[in-house]
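Please look over the sequence and the 3D view before reading on. The text below goes from the whole chain to single residues.

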Amino acid sequence: MNKYSISEFIKNTAQEDKGEGYFELETPRMLEVNLNGQVWAKAGSMIAYNGRIKFEREGILDQGLGGLFKKALTGEGASLMRANGNGKLYLADSGKKVIILHLQNESIYVNGNDLLAFEPSIKHDIKLMKRVAGMMAGGLFNVRCEGTGLVAITTHYEPLTLRVTPSQPVITDPNATVAWSGNLQPEFQTDISLKTFIGRGSGESIQMRFEGEGFVIVQPFEEVYMQNTSS
């Protein structure tokens, strides 16, 4: 059925409390935060709220002079905002699928473009992929989340998690890589034969290589990041 009366449409799409707590999926692509205090969220991800909530963009010096250097290089992609107050806050990012992870004294790296929200109990730090600067058109940063609490990430379509073991490293396309376990440190490599086959300048010649014990989350979509090209 694709025709509704107004009352039918309201009934079928109405907000519904599921009793899941602080974070809950209002729809597969929309996060509801039952806010009573503070939450960190991706800047620009608020689509609606009720109650008394104030928003504050993360200050450029919130993480000290190191944070200033990182933000100068990463641009707007890693920008976060704080939401403070009481009410219901609805977050989304370009219609991407939302996944809620419960960290239990654990750490995870998330591509800066794929981090939607996290509890204030989670420590966060922007990490630069310095070794790929100039090698690809974007996606040069990620955010390390550590502690106990909820983290919401986003993926284009359905994600796939690949296990990394000492005998079986995993190689991924950086633009399709969403997150990985906090103990893994990816190396970047260039596939010369692939670069020759695809053509000079193709981002697919740059690959992330994960070795050790852990996991990598990928999506069936290559996310190309906008980069400031002005001098």
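Predicted model: local features only at pLDDT ≥ 70, side-chain atom pairs only at ≥ 80, totals over all residues.

Residues are numbered from 1 along each chain as its sequence is written, and side-chain values use heavy atoms, with hydrogens and water left out.

The protein has three helices and 14 strands; helices (H or I, at least four residues) and strands (E, at least two) are DSSP runs, numbered from the N terminus. Of its 231 residues, 44% are buried. Here buried means under 20% relative accessible area, exposed means over 50%, and partly exposed lies in between (1.4 Å probe, protein chains only). The protein exposes about 12700 Å², of which carbon and sulfur atoms supply 54%; accessible areas come from the Shrake-Rupley method with a 1.4 Å probe, and for residues only the protein chains shown count as cover. Contact means heavy atoms within 4.5 Å. Among contacts between residues at least 6 apart in sequence, 76% join residues at least 24 apart.

Ala152 sits in strand E8 (residues 141-155). Ala152 counts as buried because its relative accessibility is 0%. Beyond its neighbours within four places in sequence, Ala152 is in contact with residues including Phe23, Leu31, Val98 and Leu116. Glu24 is 128 residues from Ala152 in sequence, yet their C-alpha atoms are 9.7 Å apart.

How many salt bridges are there? A salt bridge is a side-chain nitrogen of Lys or Arg within 4 Å of a carboxyl oxygen of Asp or Glu, and by this rule the count comes to 10. In one of them, Lys42 pairs with Asp93, with the closest N and O atoms 2.8 Å apart. This pair links distant parts of the chain, 51 residues apart: Lys42 is in strand E2 (residues 30-42), and Asp93 is in the loop between strand E4 (80-91) and strand E5 (97-111). Both Lys42 and Asp93 are buried.

Glu158 forms a salt bridge with Lys97, the closest N and O atoms being 3.7 Å apart. Glu158 counts as exposed because its relative accessibility is 52%, whereas Lys97 is buried at 19%.

Ile6 lies in helix H1 (residues 6-13) and, at 68% relative accessibility, counts as exposed.
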